[in-house]
Amino acid sequence: MGQLVRWFFDQYGQIIESCGIIAALAYRADMRTRKADILIRITEGHRQIWTFYEQTPELSRIFNSSIDVKTAPPTAKELRFVQFVINHIVITFKSDKMGIYRQPEALEEDIRDFFSWPVPRETWNRVRRFQDADVIKFFEKAIGTRRKKA
């Protein structure tokens, strides 16, 4: 028993180092699994949003450039749909900031295109005040309209 205790104390540093390496490898494998899970969930969310769009004829005005939102404001269903898109983008933005998801390279171009349509633009104008400052900055840089502080 005494030899075992002495061996343990003689090898204590190597044992702790080995445990640390094993824990780091397990953590890294867990993080890869989590990142893959998040990527799958984000992809599923994207698919659900656009499947909903395709199955909902009442959303046809979303991509109509001739809509005058002053005379024909967005409907509740249109507002809700665009909010779904905004929430989805916010999730990807926040996940990227946390280092668990990498945004697609063309995301800003995609945002600019989507919010160039009258209904999405009007919806953003209505809901932007409810977003965090970093989200507003990101969206408006992507959209190309940085607002001056009042």
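Predicted model: local features only at pLDDT ≥ 70, side-chain atom pairs only at ≥ 80, totals over all residues.
I began with helix 4, and the cover over its buried residues includes helix 2, helix 3 and helix 5. Cover here rests on contacts, meaning heavy atoms within 4.5 Å. Helices are DSSP runs of H or I with at least four residues, strands are E runs of at least two, and both are numbered from the N terminus. Buried stands for under 20% relative accessible area, exposed for over 50%, and partly exposed for in between, with a 1.4 Å probe and protein chains only.

Residues are numbered from 1 along each chain as its sequence is written, and side-chain values use heavy atoms, with hydrogens and water left out.

**Helix 4**

Why is helix 4 largely enclosed by the rest of the structure? I found that seven of its ten residues (118-127) are buried, so the rest of the structure largely encloses it. The buried ones are Pro118, Val119, Pro120, Glu122, Thr123, Trp124 and Val127.

**Helix 5**

Next I looked up glutamate 140, which sits in helix 5 (residues 133-143). Glutamate 140 counts as buried because its relative accessibility is 3%. Its side chain makes a polar contact of 2.6 Å with the side chain of arginine 128. For that term I need a pair of N or O atoms within 3.5 Å; within protein, one must be able to donate a hydrogen and the other to accept it, and residues adjacent in sequence count only if both atoms are side-chain atoms.

**Whole chain**

I see five helices and zero strands in the chain. Buried residues make up 31% of its 150 residues. Of the contacts between residues at least 6 apart in sequence, 66% join residues at least 24 apart.

**Largest pocket**

Which residues lie nearest the centre of the largest pocket? They are His46, Trp50, His88, Leu107 and Asp110, out of 19 lining residues. Helix 1 (2-54), helix 2 (76-97) and helix 3 (107-114) are the elements that each give two or more residues to this lining. Helix 1 gives the most, with six.

A pocket, on a 1 Å grid over the protein atoms alone, is an open set of points where a 1.4 Å probe fits, with protein on both sides within 12 Å along at least five of seven lines; lining residues have an atom within 4 Å of a point.
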